[in-house]
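Please keep the sequence and the 3D view open while going through the points.

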Amino acid sequence: MKSLPDVDMVLFGGTGDLAMRKLLPALYQQVKTGTLSTASRILAAARKPLDRAGFLALAEATCRPFLGDAFDAETWAAFAERVHYFPMDAVQAESYGPLAEALGQHPERVRVFYYSTSPDFFAAMSANLGAAGLITTQSRVVVEKPLGHDLHSSREINDAVGQHFTERQIFRIDHYLGKEPVQNLLALRFGNVLFEPLWRREWVQDVQITVAEQLGVEGRGDFYEGTGALRDMLQNHLLQLLCIVAMEPPTSSDPDAVRDEKLKVLRSLKPFRPQDVATKTVRGQYKAGAVASQPVIGYAEEAGVAPDSRTETFVAVKAEIDTWRWAGVPFFLRSGKRMPEKLAEIVVNFRPVPHPIFGEAHHTNRANRLIIRMQPDESMRLYLEAKQPGDAMALHPVNLNLDFAESFKARRLEAYERLLLDAMRGKLTLFVRRDEQEAAWRWVEPILDSWAANEDRPKFYTAGSWGPAASSALLSRDGLAWNEED
Ligand code: NAP
C-alpha cells in the first residue's frame, strides 16, 4: 500500500463509541501496515479529564476487542507513540490553546479534523478552528451522519461548516461507500463490458436493497425517537447504494465525475405525491418478540421512548427512477431494527427467460440474480441456472463467486480504514457532495411530511420478523417478493 504524507489527524469525540470501535482501530491498522508514517500524529480530543497515559489505557482496553487477532503489543506501542490526548470542550473557543500549540509545530502538514461528535457541535467546532487559525489550505474535515434531520437543518450545518472549509475540504462520510463489495460492484460494472448491456430496464426486473439489524435501540431510545429508520438509514446509506447501482458510467473515477452521476440519479427519482406515500412506503415499529432465540421488548417499552411513539423502526420504499435506462424498474429499499438477521445486501433480479425450453418445472426464481452482500459476510455472487450432472436435462441454480477473495490474498480493508485513508490523501470520490445530500433530503421530505400529517401509528411487526406484512404487500402488488420470500 502506498504510504501517506505526514498527517495530523484530529479526532474530536476521541473517547466516543465510533472512535473506539472504528476510527482508532482503523488508524492502528495503518500503523501495522506501515501506511501511517512514524511522524504522523493522532490528536484525540474530548471533555473527559484524562492525561495521555489515561487515554491510552482507556483506548487499549476499549479498542482491543475490536482489533481481534490484529492486536499485538509491539504495533500497539508504535501506535501509542503517535497518539496524543487533549481534554477540551470543543464548543469553548478558549479551550483550543493546547491543540493549537501542538498543530502549530507542523503547519505544513495535512490536517484532518474528524468530527465524531453530535452534529450540534459542528458549527461551533468549525468556527473555533477558524478563529484559532487552525484551518490551513492543507486541512480537511470529515463529518459524520446525521447531517441534520431535514433539508433545512442539513443546509444550516453545511452552511456553518462551509463558512470555514471549502466544499473540496469537506468529506461527508457514508461508510457503506467504503465497503469492499460496493467497490467491487463499481469494478464489475465499469471494468467489464459484460454487464453494461444488461444493466437496464430490458433485462433487469427489480432491485432490492436491504440493510437489516438484529439490534434494537441499545439504550439510545431518546436519540432514536427524533430520528427513525428513514432518516437514520434510508436518506443516506440506502440512497447512496441505489446511486451506485443505478448511475450511468462516469467519464472517469474523478470525484466530481462520479458524484455528478450519483446526483443525476437522485434528481431522477420520481417524487412522492401525498397519495403515493400510502401505496409506495411502509413504516413499521417492532413489538416484543424474539431475536436469535432471545426474548426482546418492544420499541415502545424501551427507555426514553414514548409509549405511543410514532417513530418508525422499519421503513420500506418503492423507488422509481425516471430515466430511459430505469423507467418501470422498481427499486425496493428497506431497513429495520430487530430483524431476524444482520444483513446488508443488494439484489439485482434479472428477468426470467422469455420462453423456458426446458419446461417451467426447471425454473426457479433463485437464478438470474446478482447478490452483492456487505453483511454478515462480504461477497458478490451471480446466480445462474446450470445443468445438474446426470442423464436428465435438469436445471439447478448455482452461483459464480465474483468476489475473488481467494484470488487476491491481500487483506481486506474495513470501510472506515479505506475512507480514512482517502480523507488523508484528499480523495473525495467516496464522499458525499452537498448537492447529493440535499437532493436526497428533498426526495425523502414528502414521505416524512406525509407521515407526520397522518395520525396513524406505524404498523407493528414482531421483533425477529422481516417487518410488517405491508412490506411484503409492497412487492406483491408488482407480482414480486423480497429475496428471502422467493
Ligand atoms: P458518543 O459515544 O456519544 O461519543 C461522543 C464523543 O463526543 C465522546 O468522545 C464525547 O466525549 C465527545 N464530546 C461530547 N461533547 C463534547 C464537547 N463539548 N467537546 C468535546 N468533545 C465532546 O457518540 P458516537 O457513537 O461515537 O458518535 C459520534 C457521532 O458519529 C454522532 O454524530 C453519531 O451519530 C455518529 N455516528 C456514530 C456511529 C457509531 O457507530 N457509533 C456510526 C455512524 C455515525 P466526552 O463526553 O468525554 O466529551
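1. A polar contact here is a pair of N or O atoms within 3.5 Å. The model is a predicted one, and in it a polar backbone atom of glycine 16 lies 2.9 Å from an oxygen atom of the ligand.

2. Two further pairs involve the ligand: one of its oxygen atoms is 2.7 Å from a backbone N or O atom of arginine 47, while a nitrogen atom of the ligand is 2.8 Å from an N or O atom in the side chain of aspartate 89. The ligand would expose 880 Å² if taken alone, and the protein buries 81% of that area.

3. Which residues of the shell are closest to the ligand? Of the 23 residues that surround it, the closest are Thr15, Asp17, Arg21, Arg47 and Asp89. The shell is made up of eight nonpolar, seven polar and eight charged residues, and helix 1, which covers residues 17-32, gives the most to it, with three residues.

4. Leaving aside residues up to four places away in sequence, leucine 370 touches Leu188, Trp199, Ile346, Val347, Val348, Phe350, Met380, Arg381, Leu382 and Leu402.

Methods: Residues numbered from 1 in each chain as written. Predicted model: local features only at pLDDT ≥ 70, side-chain atom pairs only at ≥ 80, totals over all residues. Heavy atoms only, no water. Contact = heavy atoms within 4.5 Å. Near = heavy atom within 4 Å. Polar contact = N/O pair within 3.5 Å; in protein donor to acceptor, adjacent residues only side chain to side chain. Areas by Shrake-Rupley, 256 points an atom, 1.4 Å probe, with all protein chains shown as cover. Helix = DSSP H or I, 4+ residues; strand = E, 2+ residues; numbered from the N terminus. Nonpolar A, V, L, I, M, F, W, Y, C, P; charged D, E, K, R; others polar.
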